[in-house]
Amino acid sequence: MLSYILRRIVATLPVMAIVALFVFSLLYIAPGDPAVVIAGDQASPEDVERIRQSLGLDRPFLVQFGSWVWRILHGDLGTSIFTNLPVSAMIGQRLGPTLSLMIVTLLLTIVVAVPLGVVAAWKAGSLIDRVIMGFAVFGFSLPVFVVGYMLAYIFALELEWLPVQGYTPLSSGFWPWLENLILPAIALGCVYIALVARITRAAMLEVLQQDYIRTAKAKGLGQGGILFIHALKNAAVPIVTVIGIGIALLIGGAVVTESVFAIPGLGRLTIDAILRRDYPVIQGIVLLFSFVYVLVNLMIDVIYTLVDPRIRY
Amino acid sequence: MDRRTVLKGLAGAGGLALTGLSAPAIAQGASARTLRFVPQANLANFDPIWGTQYVVRNAAALVWDTLYGIDSSLQPQRQMVESEETTDDGKTWTFKLRPGLKFHDGEPVLAKDVVASLSRWAARDPMGLMIIAIQQELTAVDDRTFKWVLKQPFPKMLYALAKNNAPCSFIMPERIAKTDPFKQITEYVGSGPMKFAKGEWVPGAKAVFEKFTDYVPRQEKASWLAGGKQIMVDRVEWIVMPDPATAAAALQNGEVDWWENPIADLVPVLKKNKNISVDIGDPLGNIGSFRMNHLFAPFNDVRARRAVLMALSQEDYMRAIVGDDDALWKPLPGFFTPDTPVYNELGGDILKGKRDLDAAKKLLAESGYSGQPVTCLVAQDQPITKAQGDVTADLLKKLGMNVDFVATDWGTVGSRRAAKTPPGQGGWNMFHSWHAGADCITPAAYTAIRANGDKAWFGWPNSPNTEKEITGWFEAKSVDEEKAAIGRVNKAAIEDVVYAPTGFFLTYTAWRKNVSGIAKGPLPFFWGVSKSA
């Protein structure tokens, strides 16, 4: 197992290298020039050129790429063109809010979606099943920003239970941290809950047809035990897979959610960097996200072996 | 239903629901000594000389002071300077600093700091460059006195040092001011009324300013960048909110105190809330514009440019930008900011009255236009340029032009507009923008009005008459002379269609009613602003 994990980690290196080359090339050929944005409307073409030179943007592609890779290999993600702050520091500032949002959303999803999917499968074809799946379709169809605005209206403006926007670090207390995350996590989690609930239902339906479930019922086991111990464990592989894949969905959704709820996370940093053509920041974030994604896939593979002992690497 | 409609509806409903409610939300309760402000944009960098964005200028005005400050009557007033003298020939200026000026690190402000700061500023500022071109020497005479010797008189010296147009001539410690003007500073030490809390800065999200207790304000009443800059709170927090509906909700909920630029769609909602005041923020407003590329057909022919002016309806443009609120716009038969001392609309007839589409079509035909594509760059991520772009596309089609509508983002427009290649080869025929009215009062900081060909702003208009009259303004010695010169500039620029003005528009600002002392002006002034619990 350990050798498998090591092999997988080593295998991520070429993936990361390809991602790095792709991102760098894409940014190089994309239109837009950060020097123009920095120089402002009053600047002359000579001013813009001087800024471009001072940023090293006038150097050939391969030189720029080589210098960037060299820095990355030394653990240096570079410096933001606009803020003059290290990219690693900027990512560090934003990591907490995004991680918090994703963890709360993930927990909320698992707590809500898995039981919903199990119950829908158990009551397949009934009114309960149709209601749950109806909610799932609804949740899947609603854009994150619409859910966000509705939640903010009801729970912040109308009921005044929760704040409209912002983020408080966990170090300031659990409740202040959580109260800022409840609405964004629900907004972001809607699609995710719908997806996981549907997959759970489908996986459970298949498992519930198996002979050993019939045997368990014949033995007189309780419904809860059959559903959550025997059936759910055997349906876990596709559920775990979709939860893992869904993390990519969360990263995309976080961009919108963080904007709607003014959370200073990585999603907003990404958008700001793209609009301004802050290349080092974009490159740093994309590398981070690709690394996280590869890591999540690795974790899923490891979890497979825990939920299904038949799987061996 | 699009996103904008949804947010407007929900914010509106929220506003109605909140009318009459004053109970604080759970999240409220910030100290009355902290003012929470939503700025127009993200403070992405903090070097007001290196980066000339308005938001940087606005934040910098808290941290760095200037030698002179422009007041609400657009006159330069002494700020850090105690006195100044000029020789009879107008070539030598000697300035003396006020006593007791201190930087945030406790060091005194000395003449050598001023010399270094002015040198760095002048390298990046259009007026500063004009001064450098005639400069003989800029030297510190003693700790509080410095001298600027010129080869020829520069009557607008005090205006140059006082103006609010970016970059302003902010004074920094010599060690910081010696930074290459094309490289960013890394220390944010000023002598202004507030200190920048660098440790709390999260670019894109938050910037914090703390009261500088050693600041010695002038005794005069504050007026824009002039007078006594009395800070009434301990702390000002800038909270960046990219989503206007969120900012509106946060203001209604009492989570923020002042929103610099509410979008027109949400203003009716805010006006209905009894806890919120809404008013015009900057009476100098903005001038909408689109620029035509003078280098390539069809707009290299002045008749084609005039045809467009003859046909365009400024009302269409303004309504597209500000909606139905008539208090927010007015027609502008010229290039200069209305309701200012030297405003003049001489020669603006072509933009007045009923639009004559037939005459415009005839003139366009005379210019030799034969249906070639007109590449029109429109940034979709900026509501003002998007709205103008849609109107222009319609206008050009009505004129019988073949529109190549390039929907893109502002970053791409900013880059592509610099290309002097033909439109079919990466160049362009027209793009949209807008200019702060504060920059368009006179030609001093008005890059867009310049018509010196290759050296002019994008579109590269070449109008010797316009340039001659601009020089006349710089040489004017009285307000009457300036006003007459502005009239001549306006006339010449319209005749040659340096660019197309699409109208004058204003924007609102909104604040909680427990905040007082907010002044109208071209930037948010925090001095004199107080907050009750």
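What percentage of the contacts in chain A with a separation of 6 or more is accounted for by residues 24 or more positions apart? In the predicted model described here, such residues account for 73% of these contacts. The C-alpha trace of chain A spans about 85 × 55 × 35 Å along its principal axes. Of the 313 residues in chain A, 39% count as buried.

Chain A is divided into two parts, with domain 1 covering residues 2–87 and domain 2 covering residues 94–307. A distance of 32 Å separates the C-alpha centres of domain 1 and domain 2 of chain A. Contact between these domains involves 22 residues of domain 1 of chain A and 16 residues of domain 2 of chain A. On the side of domain 1 of chain A that touches domain 2 of chain A, the elements giving two or more residues are α1 (2–29) and α2 (34–39) of chain A. The largest share of this side, ten residues, is supplied by α1(A). By class, the residues of domain 1 of chain A on this side comprise 15 nonpolar, five polar and two charged.

According to UniProt, in an unreviewed entry, the feature "transmembrane region" is placed at residues 9–30, 99–122, 134–157, 177–197, 235–261 and 281–307 of chain A. Two of these spans may be described from the model. Residues 134–157 of chain A are 92% helix and 0% strand, and the end C-alpha atoms of this span lie 28 Å apart. Residues 281–307 of chain A are 100% helix and 0% strand, with the end C-alpha atoms 38 Å apart.

Helix packing within chain A is illustrated by α5(A) and α6(A). Helix α6 of chain A comprises residues 127–141, and α5 of chain A comprises residues 87–122. The two helices pack at an angle of about 145°, and their axes are 8 Å apart. The crossing in which α5(A) passes α6(A) is left-handed. On the α5(A) side, the contact is made by Leu116(A), Val119(A) and Ala120(A); on the α6(A) side, by Ile128(A), Asp129(A), Ile132(A) and Met133(A). Six nonpolar residues, no polar residues and one charged residue make up the contact of α5(A) with α6(A).

Between the chains, 47 residues of chain A are in contact with 48 residues of chain B. The elements of chain A that give two or more residues to the side touching chain B are α2, α3 (45–55), α5 (87–122), α7 (144–158), α12 (236–260) and α13 (266–276). Of these, α7(A) provides the largest share, nine residues. The side of chain A that touches chain B has 27 nonpolar, ten polar and ten charged residues.

In chain B, several loop residues have features of note. Thr52(B) is located in the loop between β1 (34–38) and α2 (54–63) of chain B. Thr52(B) is buried because 22 other C-beta atoms lie within 10 Å, where 20 or more are required. The C-alpha atom of Thr52(B) is separated by 9.5 Å from that of Asp125(B), although the two residues are 73 residues apart along the chain.

Two cis peptide bonds are described in chain B. One joins Ala166(B) and Pro167(B), with omega about -5°; Pro167(B) lies in the loop between α5 (157–162) and α6 (174–177) of chain B. Another runs from Ala297(B) to Pro298(B), with omega near 5°; Pro298(B) lies in the loop between β13 (286–292) and α9 (302–311) of chain B.

Positive phi values are found in residues other than glycine. In Leu74(B), phi is near 65°. Leu74(B) belongs to the loop between β2 (68–70) and β3 (76–78) of chain B, and counts as partly exposed, with 19 C-beta neighbours inside 10 Å. In Trp460(B), phi is about 50°. Trp460(B) occupies the loop between β17 (430–436) and α14 (464–475) of chain B, and is also partly exposed, with 17 other C-beta atoms within 10 Å.

Definitions and conventions. Residues numbered from 1 in each chain as written. Chains lettered and ligands numbered in written order. Predicted model: local features only at pLDDT ≥ 70, side-chain atom pairs only at ≥ 80, totals over all residues. Domains from an automatic or database assignment. Contact = placed C-beta atoms within 7 Å. Helix = DSSP H or I, 4+ residues; strand = E, 2+ residues; numbered from the N terminus. Nonpolar A, V, L, I, M, F, W, Y, C, P; charged D, E, K, R; others polar. UniProt positions renumbered as here; feature names shortened; annotations may be inferred. Axes fitted to C-alpha atoms, helices over the stretch in contact; angles between N-to-C directions. Left-handed = near helix turned anticlockwise from the far one by under 90°. Buried ≥ 20, exposed ≤ 12 C-beta atoms within 10 Å, placed from the backbone.
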